[in-house]
Amino acid sequence: MRSPAPSRTSWTPTAQCCGAEPAADPVEPVPSALRDRLLATVAAERGHFRYESGHHGDLWLDLDRLLIDAGRTRELGVELAKEVRGCRPEIVCGPLTGGAFIAQVVAAELGAGFAFAERVVTGDAVAYRLPDALRGPVRGRRVLLVDDAVNAGSALLSTWQDILSCGAQPAGSACLLALGEAAARIAAATGAPLYHLLALERRLWPPDRCPLCASGTPLGAGQSR
Ligand SMILES: [Zn+2]
């Protein structure tokens with residue numbers, strides 16, 4: 001638990017979708033009520049926070065709350081499936097843990113297959129890898145990658161590399177929440193769009209260059225991803 005944020009401001013969600021290519025089919029705007037519920041679910045707040053990486057930033061999200069309400073997870077996954085329908089994936093794949101649960105809902109909604117990538121830690125290195133039993137089935141198939149929230153996109157990009165090594169054809173990637181420059185970064189790194197329900201601006205700084213520290217703004221307690 002943590003104390004309330006020292007300062008909060010109103011939301012400035014950015015455009016719903018951006019990336020290297022437009023969606024193949026037009027999609028309906030994400031209902032504003034659903035976006036509000038998504039923000040409420042992750043207890044989004046503006047302020048001055050310290051992240052697990054050690055960076056300071058201006059956005060707090062409790063991403064672990066995303067999956068607690070299974071009905072809400074399904075509702076969000078169904079909405080994300082509408083966004084990515086134009087990708088026409090044969091298989092939807094997500095990294096464990098958060099992304100895979102969303103991916104499973106999207107796969108069911110699209111009538112596609114489902115796969116997941118496991119987190120593999122070797123020393124200080126973290127990678128994501130499909131289990132042996134799933135590597136053959138994705139070969140030559142159009143695979144859509146799904147994660148819950150994407151910031152640096154390390155889990156998504158690592159999974160992307162692994163499905164490429166399996167001989168899959170990545171169709172694109174998608175997430176519920178795209179943070180900061182995630183959409184542009186993932187699109188540039190993969191050459192395919194990152195679809196998302198909601199994009200949130202987030203500024204990050206090394207602690208010794210944090211303007212909020214410099215202005216004397218108190219840090220909120222706790223940590224966020
Ligand atoms: Zn700071």
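Mentor: Gladly! Two strands pair if DSSP finds at least two bridges between them; strands (E, at least two residues) and helices (H or I, at least four) are DSSP runs, numbered from the N terminus. This is a predicted model, where local features need pLDDT of at least 70, side-chain atom pairs count only at pLDDT 80 or more, and totals for chains, interfaces and linings use all residues. Residues are numbered from 1 along each chain as its sequence is written.

Six strands form an open sheet in the order 5-4-3-6-7-8, and their pairing is mixed. From one strand to the next, the twist averages 20 degrees.

Now find strand 3 (residues 91-95) and strand 6 (residues 142-150): they run parallel, joined by three bridges. Here Ile91 faces Val143 of strand 6.

Helix 3 packs on this sheet and touches strand 3, strand 4, strand 6 and strand 7 (169-179), where contact means C-beta atoms, placed from the backbone, within 7 Å. The direction of helix 3 makes about 165 degrees with that of strand 3; axes are lines fitted to C-alpha atoms, for helices over the stretch in contact, and angles run from 0 to 180 degrees between N-to-C directions. Helix 5 (residues 154-165) lies across strand 3, strand 4, strand 5, strand 6 and strand 7, at about 165 degrees to strand 6.

Terms used
Contact = placed C-beta atoms within 7 Å.
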